[in-house]
Amino acid sequence: MPKIKIAPSILSADLSKVNQEIKEVEKYSDLIHVDIMDGIFVPPTTVDAKFVKAIKARVPLDVHLMVHEPADSYLKGFIDAGAYSITIHEEACKDPARQINFIKKNRIKTAISIKPKTSLDKIKKYLDIVDMVLIMTVEPGWAGQKFIEEAMPKVRELRRLKPKLDIEVDGGINPYTAGIAFESGANVFVAGTSIFGKKDRAAAVKEILKSLK
Ligand code: DX5
Ligand code: ZN
């Protein structure tokens, strides 16, 4: 099983002081998860590449694009902004291999994500070319939703197929649900509300870590 990684999602942070918010968690985190929403693939919109460029974090930025058909120039914006990894959605792209190959060509990590109702079969052909798979555990678009446990069989099957692959879960992750996802085979844990919704963010991250033993 690959290394356990915690990725606080700044979607639930106070973006007017995002660098300060990140400072509170980065010591205990492996990645900072940045959600990009376009108002098309998902109804809300969030921040852009310019915002990402202004983020100061000592840990790598895990950029999750909830974006319809991202063009090369759009992807390049996030690469230039300092993304460590870029995740695209299978459902958002006509031919996800195009975006995956463009990201890889730029020598950063690449991942593909599926929504709770999308079958794992849809992405099996990409498993050998991505660095990570994100199994969504809520419908993408909003923080603070309930963890969908029905996504766990996909995590289990994926772990069986790919013992060394990074498997990320995102949505409704707290110490309890992180434990369920961990048991199923996930090793990268995104958490927004359960970290930035707490006063003591460092303690919240440590709580999640404790449940992964
Ligand atoms: C939802 C985003 C998540 C979100 C998770 O579409 O992809 O990253 O921040 O928030 P919580 O942890 O509150 O479910
Ligand atoms: Zn996300």
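Mentor: Let us begin with one term: two strands pair if DSSP finds at least two bridges between them. Please also keep in mind that this is a predicted model.

Trainee: Which residue stands opposite valine 190 in β8?

Mentor: Aspartate 170 stands opposite valine 190. Three bridges join β7 to β8, and the two strands run parallel.

Trainee: Which other strand pairs with β8, and over how many bridges?

Mentor: Strand β1 (residues 5-8) pairs with β8 in the parallel sense, over four bridges. Proline 8 has alanine 191 of β8 as its bridge partner.

Trainee: And which way do the side chains of β8 point?

Mentor: Val188 and Val190 point one way from strand β8 (residues 188-191), while Phe189 and Ala191 point the other way. All four of these residues are buried. In a regular strand the side chains alternate between the two faces of the sheet.

Trainee: What kind of unit do β7, α6 and β8 make?

Mentor: Together β7, α6 and β8 form a right-handed β-α-β unit. Another right-handed β-α-β unit is made by β6, α5 and β7.

Trainee: Let us look at β6, then. How many of its residues are buried?

Mentor: Five of the five residues of β6 are buried, so the strand is mostly covered, taking buried as under 20% relative accessible area. Met132, Leu134 and Met136 point one way from β6, and Val133 and Ile135 point the other way.

Trainee: Which strands pair with β6?

Mentor: β5 pairs with β6 in the parallel sense over four bridges, and serine 113 stands opposite leucine 134 of β6. β6 also pairs with β7 in the parallel sense, over five bridges. There, valine 133 stands opposite isoleucine 167 in β7.

Trainee: Turning to the helix α5, which of its residues are buried?

Mentor: The buried residues of α5 are Met152, Lys154, Val155, Leu158 and Arg159. They lie on the same side of α5 because they cover an arc of only 155° around the axis.

Trainee: What do those buried residues of α5 pack against?

Mentor: They pack against β5 (109-114), β6 (132-136), β7 and α6 (175-184).

Trainee: What follows α5 in the chain? I noticed proline 163. Where does it lie?

Mentor: Proline 163 lies in the loop between α5 (152-161) and β7 (166-170). Leaving aside residues up to four places away in sequence, proline 163 touches Met1 and Pro2. Proline 163 and alanine 143 are 20 residues apart in sequence and 29 Å apart in space, C-alpha to C-alpha.

Trainee: Changing topic to the metal: which residues coordinate the zinc ion (ligand 2)?

Mentor: The zinc ion (ligand 2) is coordinated by His33 (NE2), Asp35 (OD), His64 (ND1) and Asp170 (OD), at 2.0 to 2.3 Å. Its donor residues are spaced H-x1-D-x28-H-x105-D in sequence. Aspartate 35 in strand β2 (residues 32-37) and aspartate 170 in strand β7 are 135 residues apart, and the pair links distant parts of the chain.

Trainee: What geometry does the site have, and are aspartate 35 and aspartate 170 buried or exposed?

Mentor: The site of the zinc ion (ligand 2) is octahedral, with angles of 72 to 170° among its six donor atoms. Aspartate 35 and aspartate 170 are both buried.

Trainee: Now the backbone: what is the phi of glutamate 69, and where is this residue found?

Mentor: Most residues other than glycine have a negative phi. Glutamate 69 has a positive phi of about 40° although it is not a glycine. Glutamate 69 is found in the loop between β3 (61-66) and α3 (72-80), and is partly exposed, with a relative accessible area of 30%.

Trainee: What about arginine 107? Is it buried or exposed?

Mentor: Arginine 107 is exposed, with a relative accessible area of 78%. Its phi is near 60°, again a positive value in a residue other than glycine. Arginine 107 lies in the loop between α4 (96-105) and β5.

How values were computed:
Residues numbered from 1 in each chain as written. Chains lettered and ligands numbered in written order. Predicted model: local features only at pLDDT ≥ 70, side-chain atom pairs only at ≥ 80, totals over all residues. Heavy atoms only, no water. Contact = heavy atoms within 4.5 Å. Buried < 20%, exposed > 50% of the residue type's maximum accessible area, 1.4 Å probe, protein only. Arc of directions from axis to C-beta. Right-handed = clockwise from strand over helix to strand, strands pointing away. Donors = N, O, S within 2.8 Å, 3.2 Å for Na, K, Ca; no water. Tetrahedral: all angles 85-135°; square planar, octahedral: opposite > 155°, others 65-115°.
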